[in-house]
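Subject: Structure handover

Hello,

Here is the structure for you to look through. My notes on it follow below.

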Amino acid sequence: MGKHGGLSPDDIRDAAGVIEAMQRLKERSGLTFRELEERAARGGDVLARSTLADVLRRRKLPRPEVLAAFVRACGERDRVNAWLEARERIAAQVAVEATDTASDARAGREAPALGDEAVQRQLLDGERLAARLELVDVRLRLAQHDRMVGELAARTDAYPPDEQVIGQLLLALCRCGRQAEALEEYERARRRLADELGVDPGAALRRLYGRILAGDPDLSGDPGPAAVRAEAPSADEEAEDDSGAAANAMTGRQLVPRLLPADLSLFVGRNSEVDQACRLLEADGPRPLTLLVTGPAGVGKTAFAVRTGHRLASRFPDGQLHADLRGFGDEPADPFTVLGTFLRALGVRGGTVPAELTERIHLYRSLLAQRKVLVVLDNAAGAQQVRDLLPSGARCAALVTSRTTMAELGCHRLPLDVLDSATGLALLREMLGPDRTDAEPDSARSIVETCGGLPLAVWVVGARLAARPHRPLADVARALADEERKLDELAVGHIAVRASLELTYQGMAAPAQHALRMLALLTGPDFAAWALAALLDVDLSEAEAVLDDLVEVHLVQAGPAGAAGIRYQLHDLVRLFGRECAIRAVHHQDHAAALTRLLGASLHLADHAADTLSVDFQGVSQAELASWRVSPADTGHLLADPLAWFTDERQFLIDVAEQALDRKETAPAAGLATALTTLFQVGSHFDDWERLQNRALKAALSSGDRHSAATLHRCLGELTTILDRYPEALNHFERALLLAEGQGASYRAGATAGLAYVHRLLGHYPSAVLHFEKAAELARQAGNVNCLVYATNGLGVIDLEQGRVEAAVERFTECLRVSRDEGYRPGEAQALRCLGQSHRTLGAYPAAADAYRQAVAISADLGDRLTATHAACWLGDVLVRQGEHMKGRRLLAESLWTYREFGNLWGEAATLYALAEAQLAAGRPALARGRAEAAVRLWRQIGSHTWLAVALDTLSTAHTRVGDHPAATRAREEAAELRRA
């Protein structure tokens with residue numbers, strides 16, 4: 001072998017030899033760059049494959065940590081020191097030679113030959129870069145991030161892709177509050193790594209990206225070494241922190257949305273157009289593709305989009321998103337709402353969905369940046385409605401349908417024309433059967449020609465004939481002939497549909513005609529039979545029979561079965577036609593009466609569903625505001641599963657409330673908004689909750705409705721408490737009490753209990769006790785058992801937090817007994833959770849674990865995942881204390897992700913505190929310190945002084961065990977000061 005032919009580091013004489021020896025070692029290992037990265041991570045090292053590829057390509061002297069990780073990953077653990085010694089020897093040699101060269105130059109002497117000058121320059125550049133990177137780490141730890149962004153941005157361009165530099169830039173941007181720019185910079189770096197080195201970002205950089213996407217407070221709070229350095233986690237730490245992929249940081253897993261409607265069994269023609277659309281959208285390119293399908297109303301754009309979407313589904317494995325934008329209806333879908341739907345479909349949950357449109361757009365684009373997703377936007381009004389919904393990921397595609405050409409939208413276009421005679425006849429043949437159309441070929445052709453080749457018109461006439469197999473086609477052809485002159489005179493495409501719908505309408509019985517006119521008053525995309533029952537003032541079975549008639553002639557479409565029966569849909573053109581008929585045939589007062597009945601039915605069912613769940617402690621029923629009610633038997637059938645019913649009806653109920661607010665029916669509309677509180681809470685629909693009730697509150701205050709305003713203030717106080725916005729919560733509860741002054745105890749009990757709860761969270765114990773005792777007194781007066789249990793439990797928690805454990809246990813036991821006697825399951829879960837805390841405080845860990853498990857089971861059965869997590873978090877803590885470290889830490893890690901999904905800061909802080917205690921128990925004080933510091937930051941942000949002191953105690957212990965005694969003393973003294981305050 002030659003000078004560098006072997007693998008012994010002792011034989012290496014220069015930097016080129018180091019690189020050549022590393023290349024031979026890699027070849028001998030037989031491992032790919034990806035396999036080396038993964039193997040290093042399993043051993044606790046960081047070895048980004050892009051960094052390793054750069055080292056071996058540019059032949060620069062690698063940094064010590066990179067060399068050590070590489071040698072270990074290649075299976076040479078016992079020779080790591082020898083490699084490092086060789087590397088240091090060569091680095092020192094280069095430095096000495098460079099110094100001698102500089103001295104010779106200053107003395108005017110000719111410098112001795114140093115061999116390859118380019119290699120030596122690279123060596124010096126490499127050493128200089130390593131020192132700069134270390135300096136940047138130090139400056140970031142000193143919170144100098146605002147001065148580092150420009151310098152780091154320049155370095156990412158000046159040097160070949162270096163993941164440490166990229167990570168430092170992302171972190172600096174994050175610290176400056178520029179998270180969106182950090183996400184964009186990551187995407188730019190990912191493309192550059194792929195283009196220049198043919199690799200993906202390493203695990204450390206991906207983890208940092210995931211933390212930025214999740215809004216990790218460690219990245220934006222007070223900086224510390226753990227936040228700066230992207231170090232590979234241990235196996236235990238990965239169970240708590242590793243995001244895996246970008247989406248996992250927010251969702252825990254990457255969801256694959258499948259939102260396309262079911263493919264159509266009846267689809268005739270358009271084969272060449274579908275093929276053309278698929279070719280356009282399948283093509284690979286540097287940017288996402290958008291195809292706009294245009295044509296007149298009723299030409300079949302929706303059916304075409306659905307068929308094309310299903311054809312392309314396999315080419316977009318990361319999912320298909322779909323939205324009906326209702327662009328030409330009375331209430332077009334706004335991008336804010338559609339983005340909320342899309343984000344939830346992509347896995348974003350609860351309070352994590354941004355409250356601002358711009359933030360939703362940024363998150364949506366970030367989630368799609370590395371996925372291959374098809375987005376179908378149906379029935380768009382114009383470019384403004386779709387622009388924010390178009391994906392930006394290069395591998396994504398969008399299919400948009402509209403009646404307009406959207407000249408301002410840059411995209412491919414595919415116009416759909418009416419069907420030719422042969423295709424129209426084929427559609428009619430598919431609907432009626434070949435025997436029937438072949439028996440009357442002239443009449444069949446006349447029908448198609450009279451419909452003007454418009455698919456919807458052929459479909460409506462065909463549906464009518466299919467429902468009446470005894471009727472000759474010639475009868476329909478003659479009827480259409482009377483309308484032919486009208487069709488010739490009107491040039492707008494949907495006029496032909498009106499004529500066809502008019503023909504079908506005139507052939508229906510009077511009850512079906514009236515039902516169509518009433519259904520046209522609805523604004524949402526779908527509805528259930530009970531809504532029609534309210535509009536018609538009939539029972540449920542009669543409404544279902546009328547709907548069967550409408551479905552038979554395809555004026556109403558039967559969709560998928562929901563929790564309480566079939567959901568129906570009304571095509572927007574049919575809805576427009578129905579409204580025209582209603583204007584002609586129905587008096588305005590009858591319109592208003594029908595919508596008032598619908599509001600009453602919605603209020604009655606929502607209030608009954610909330611009462612069945614018995615989650616809230618407000619104690620003020622809204623049922624008295626309902627002017628119309630579904631029968632008791634039908635109510636029981638519809639609400640057999642109240643949560644499933646609400647899931648189906650959520651958007652419909654919101655639309656009913658919004659429509660009633662538009663009509664100034666303030667009291668019952670506010671009542672419906674209030675009745676939805678429990679359902680919003682259990683389903684974690686916090687954005688819907690806040691938006692609807694804020695609007696209802698504004699209307700109530702404007703109209704002087706103090707009762708409604710007081711109730712809504714109380715509900716919004718509960719919401720802002722859940723979202724850890726305590727100053728807002730205090731304001732809402734105090735205003736609720738002010739407005740409820742002089743009203744019954746029922747109105748004041750819930751708000752007083754809510755106010756007490758916030759004071760307790762903030763550590764204001766005297767105020768909390770005063771308000772809890774007042775709430776208990778009011779609850780007894782009002783006969784509100786739920787509120788009484790809530791207030792008594794709150795007093796018990798204060799006893800527990802102030803060390804009066806026996807008194808706390810007595811209160812919790814009483815709450816458990818009353819809750820079980822009254823069937824108040826949320827109160828039962830809360831009492832068990834607090835008894836678990838009491839047993840934990842006394843060191844009775846088996847009893848605590850049993851209580852927590854019961855609480856988890858009850859909350860999970862109620863569908864309340866957030867409340868279940870409140871118990872699961874402390875169960876994990878107790879398991880660790882019992883010696884079941886792995887199981888406990890895993891449960892805590894799951895709780896941490898759940899709290900972050902819901903945006904619950906208090907729960908996140910509690911879990912971080914428990915994880916710190918778990919790491920101390922496992923003998924890992926450094927990890928414990930990082931967790932405790934994060935918990936301290938959150939409780940400081942929330943303003944919870946009691947728990948801040950608890951976390952500071954744990955932080956002090958962690959500081960002591962890592963040998964930082966001054967920091968331990970500071971934490972301990974601050975905790976003592978908080979307890980004295």
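**What was found**

At 1% relative accessibility, Trp530 counts as buried (buried means under 20% relative accessible area, exposed over 50%, and partly exposed in between, with a 1.4 Å probe and protein chains only). Please keep in mind that this is a predicted model, where local features need pLDDT of at least 70, side-chain atom pairs count only at pLDDT 80 or more, and totals for chains, interfaces and linings use all residues. Residues are numbered from 1 along each chain as its sequence is written, and side-chain values use heavy atoms, with hydrogens and water left out.

**Overall**

The protein has 49 helices and eight strands. Helices (H or I, at least four residues) and strands (E, at least two) are DSSP runs, numbered from the N terminus. Of its 981 residues, 55% count as buried. Among contacts (heavy atoms within 4.5 Å) with a separation of 6 or more, 68% are between residues 24 or more positions apart.

**Aromatic rings**

The whole structure holds 14 aromatic pairs. Rings of Phe, Tyr and Trp (its six-membered ring) pair if their centres lie within 6.5 Å; planes under 30 degrees apart count as stacked, over 60 as edge-to-face and the rest as tilted. One of the pairs is Trp530 with Phe652: the ring centres are 5.6 Å apart and the planes stand at 85°, so the pair is edge-to-face. Trp530 belongs to helix H27 (residues 529-536) and Phe652 to helix H32 (residues 642-662), so the pair ties together parts that are 122 residues apart in sequence. Phe652 also counts as buried, at 6% relative accessibility.

Elsewhere, one aromatic cluster is formed by Trp874, Trp906, Tyr913, Trp939 and Trp947.

Two charged side chains sit over rings. The rule is that NZ of Lys or CZ of Arg is within 6 Å of the ring centre and within 35 degrees of the ring normal. Lys26 lies over the face of Phe33, at 4.6 Å from the ring centre. The charged end of Arg900 is over the ring of Trp897, 5.6 Å from its centre.

Two strands pair if DSSP finds at least two bridges between them. Five strands make an open sheet with parallel pairing, in the order E2-E3-E4-E1-E5. Strand E2 (320-324) and strand E5 (412-415) are at the edges with a single partner strand each, so one side of each has no neighbour in the sheet. From one strand to the next, the twist averages 15°. Axes here are lines fitted to C-alpha atoms, for helices over the stretch in contact, and angles run from 0 to 180 degrees between N-to-C directions.

Strand E3 (residues 374-380) pairs with strand E4 (residues 397-402) in the parallel sense over five bridges, and Val376 stands opposite Leu399 in E4. Helix H15 (residues 271-282) lies across strand E1 (289-294), E4 and E5, at about 160° to E1. Helix H16 (residues 301-312) lies across E1, E3, E4 and E5, at about 165° to E4.

**The three-strand sheet**

The other sheet to look at is open and antiparallel, with its three strands in the order E6-E8-E7. Its edges are strand E6 (526-528) and strand E7 (556-562), each with a single partner strand, so one side of each is left without a neighbour in the sheet. The twist averages 35° from one strand to the next.

E7 is joined to strand E8 (residues 565-570) by five antiparallel bridges, and E6 is joined to E8 by three, also antiparallel. Which residue in E8 is the bridge partner of Ala558? That residue is Tyr568, and Tyr568 is the bridge partner of Phe527 as well. Gly562 stands opposite Gly565 in E8. Helix H28 (residues 540-552) lies across E6, E7 and E8, running at about 120° to E7.

**Cysteines**

With a disulfide taken as a pair of cysteine sulfur atoms within 2.5 Å, the count comes to zero. Cys834 is in no disulfide, and the nearest cysteine sulfur, that of Cys815, is 8.0 Å away. Cys834 is buried, with a relative accessible area of 10%. Cys74 is buried, also with a relative accessible area of 10%.

Regards
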